[in-house]
Amino acid sequence: MTIGSPDALPAAGAAADDVCDPRFLDPAIDRTSIAPDEPVAREDLASWYRAMRLARTFEDKLAALYRQGRIVGAVYLGTGQEAIATGVVSLLRRDDYFSTVARGLSGWFLRGVEPRDVMGRWFGKDIPPSHGRDLGLFLADLPGYGIAPYHNGSMASWIPSGAGFALAFKYRKQPRVYAALTGDGATSPGDFYEGLNFAAIHKLPLVVIVENNCYGYSTPTSLQMPVKNVADRAPAFNIPGTIGFGNDIFEVRRLVSAAIDRARRGEGPSLVEFKTFRRRGHGEHDDMGYVPRELRDFWERRDPIRLLREYLLGGAGWTAGEVAAIDAECAAHIDRAVEEAAALPDPKPESVEWRLFAE
Amino acid sequence: MVITYLEAISQALRDEMRRDGDVLLLGEDIAAFGGAFKITRGFLEEFGAGRVIDTPISESGFVGAACAAAIEGLRPVVEFQFADFIACAFDQIVNYAAKACYRWGTPVPVVFRGPSGGGFRGGPFHSQNPEAWFTHVPGLKVVQPSTPYDAKGLLKAAIRDNNPVIYFEHKHLYRRIREDVPDDDFIVPLGVADVKRPGRDLTIVTYGAMVHESLAAAERLSKEGAECEVIDLRTLVPLDKESFLSSVRRTSRAMVVYEAHLTGGFGAEVAAIIAQEAFDALDAPVTRVASLDVPVPFAPALEDAVLPNADKIYRAAVDVLEY
């Protein structure tokens, strides 16, 4: 495959077998500065920026702890994708559900999850609701945060379960929605089709958000799918498929908001694809040597936190000190989280058979 | 009232749906058609399309959906058209349903009904007994009724249980086995075996369709002076170990009879438990009678060669008794 430079990209809608590498953005949605369509309240901007910054700071710290050998198990980071989960969760009501892996950490934090409790799981500590049974990568806490439990690492397997939660909402005539955040790789397994098919037939309130970050582990999307966009698959379900720039939190909110409204109106599921980039390896064990330098550079300029920060300091009129205050608060928060998490108790070996079955 | 095994399953479903508005059914062709075996005939008319849901042919999809609906508090009962097709939903069952409570503390009150077993010329994909695929996975309960009474009581207990329960109903029993079953509400608790025939000379541990073949063999042996105790496990998980261990301690001889393939079948686990926990009581090796380790073939002469039956059980029992 030819890796074209971004300057050489053809116009949107050009022939499919042109030199355009889908890992670079289509010029139709590409941008290096962002702004909302309409004014956004200052406290909203602050909470979104804070969630994204908190996630980035957490991940930087997590990577360091991993290299120091202080973390149990493998580490998977969502660096560069923070705008998507933040934008999605910012639109949910308290009784809506969503699911992500830890690449959507910013969404967990925006929802109110304490960084200490996430860090504690990476340390293998005894904290509810998992009590040391599951990796830091996964979080499920329905009563606490509306974060739904899911399966193994296959991110396709929670499309059927998303349909099932949505089925329960509809069964009980509740105006709730389920947002399933998943990845480009998850659109290959059958579960993706089976779940969306079922949801579309029954017009269930499911919103599937695909973070297309260019790679499934090391395999580029060109070897995962014969279509240029994941959203191109939407017509198979007779549902809307939309494509946006996932590093622009305002765009994320605009597209997902429409999908959530549709779901809440009882009109069924939507497929929303966001182009983004996984700025680190699949896991921290992965040096991502398979990613061309120019692709990394392209996306570094479009880092979601950088874009939001530049908007805050530009169009939103914040001072450097105001942004720096949030950065400093996040840094202190994460330092404290690590300290507190390390001090949490380990699960007791005699608890190992507890709760295999519900009462 | 005297009803068939099939009618007992149908009654249990109808009773539970009338009793609890959170019980709903998902499966292929279960609504207007009433299911491939007519278990849910008339259900669409009584309960409506919202509670009797015809699914697309996509087991993984509707099983995943059912698990999530269960986590949200509904009590879905999923019908696999044939237990063989449960393979298509394996991941959702073993990685989602089975582990959710252990991982996150979320109960998953879902029932998977699998019409299983051979003996009616269904061939390799409509005759299997896949219980051992699931007894190996912590977090799943596995039920295998042999009589109309047990079929009704165990299904009601399964629906009321807060855990994923796989309920294997043997197709060959559907219309062949009938008995008087109370109309009123009763359950057969999960994890309690049943002595289907008392005896002092040999313990036969079995479940599902093989209960009837074992009883036929025991009847023949009785005429020859040997009294077999036939223990129907009824549920494999949780397992009522004491039922057969205490029996073996009295009879000193044990056989395990199951219709699934011999190697790695659940009966192997039962045999191992007996060998380990009742070794001192044994006067003969624990013997298994099960299907040959080949796919269940179609042609009658071949299928009969593969499946265990009363005659094969009888001959194995004679060997154990004469050991």
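Into which domains is chain B divided? Chain B splits into domain 1 (2-180) and domain 2 (194-322), with bounds that come from an automatic or database domain assignment. This is a predicted model: local features need pLDDT of at least 70, side-chain atom pairs count only at pLDDT 80 or more, and totals for chains, interfaces and linings use all residues. Residues are numbered from 1 along each chain as its sequence is written, while chains are lettered from A and ligands numbered from 1 in the order in which they are written.

**Domains of chain B**

- The C-alpha centres of domain 1 and domain 2 of chain B lie 26 Å apart.
- Contact here means that two C-beta atoms, placed from the backbone, lie within 7 Å. By that rule, 26 residues of domain 1 of chain B are in contact with 23 residues of domain 2 of chain B.
- On the domain 1 side, H6, strand E6 (141-143), helix H7 (148-160) and strand E7 (165-170) of chain B each supply at least two residues. Helices (H or I, at least four residues) and strands (E, at least two) are DSSP runs, numbered from the N terminus.
- That side of domain 1 of chain B has ten nonpolar, twelve polar and four charged residues. Ala, Val, Leu, Ile, Met, Phe, Trp, Tyr, Cys and Pro count as nonpolar, Asp, Glu, Lys and Arg as charged, and the others, Gly among them, as polar.

**Chain A against chain B**

- 33 residues of chain B are in contact with 30 residues of chain A.
- Helix H3 (59-71), helix H4 (90-97) and helix H5 (100-104) of chain B each supply at least two residues of the chain B side.
- H3(B) gives the most to that side, with ten residues.
- By class, the side of chain B that touches chain A has 17 nonpolar, 13 polar and three charged residues.

**Nonpolar core**

- A nonpolar core is a set of buried Ala, Val, Leu, Ile, Met, Phe, Trp, Tyr and Cys residues joined through C-beta atoms within 7 Å. A residue is buried if 20 or more other C-beta atoms lie within 10 Å of its own, exposed if 12 or fewer, and partly exposed in between; C-beta atoms are placed from the backbone.
- The largest such core has 197 residues, and A:Val207 and A:Ile209 have the most contacts inside it.
- Both domain 1 and domain 2 of chain B give residues to this core, so it lies between them.
- Beyond neighbours within four places in sequence, A:Ile209 has contacts that include A:Ile84, A:Val88, A:Leu181 and A:Phe274.

**Helix H6 of chain A**

- Just after H6(A), A:Lys173 takes a positive phi of about 55°.

**Helix H10 of chain B**

- B:Phe266, B:Gly267, B:Val270 and B:Ile274 are the buried residues of H10(B).
- They cover an arc of only 105° around the axis, which puts them on the same side of H10(B). The arc is that of the directions from the helix axis to the C-beta atoms.
- On the other side of H10(B), B:Ala272 and B:Gln276 are exposed.
- The buried residues of H10(B) pack against elements of chain B including helix H9 (241-251) and strand E13 (254-261).

**B:Ile231**

- B:Ile231 lies in strand E11 (residues 228-232) of chain B.
- B:Ile231 counts as buried because 29 C-beta neighbours are inside 10 Å.
- B:Ile231 and B:Tyr207 are 24 residues apart in sequence and 7.8 Å apart in space, C-alpha to C-alpha.
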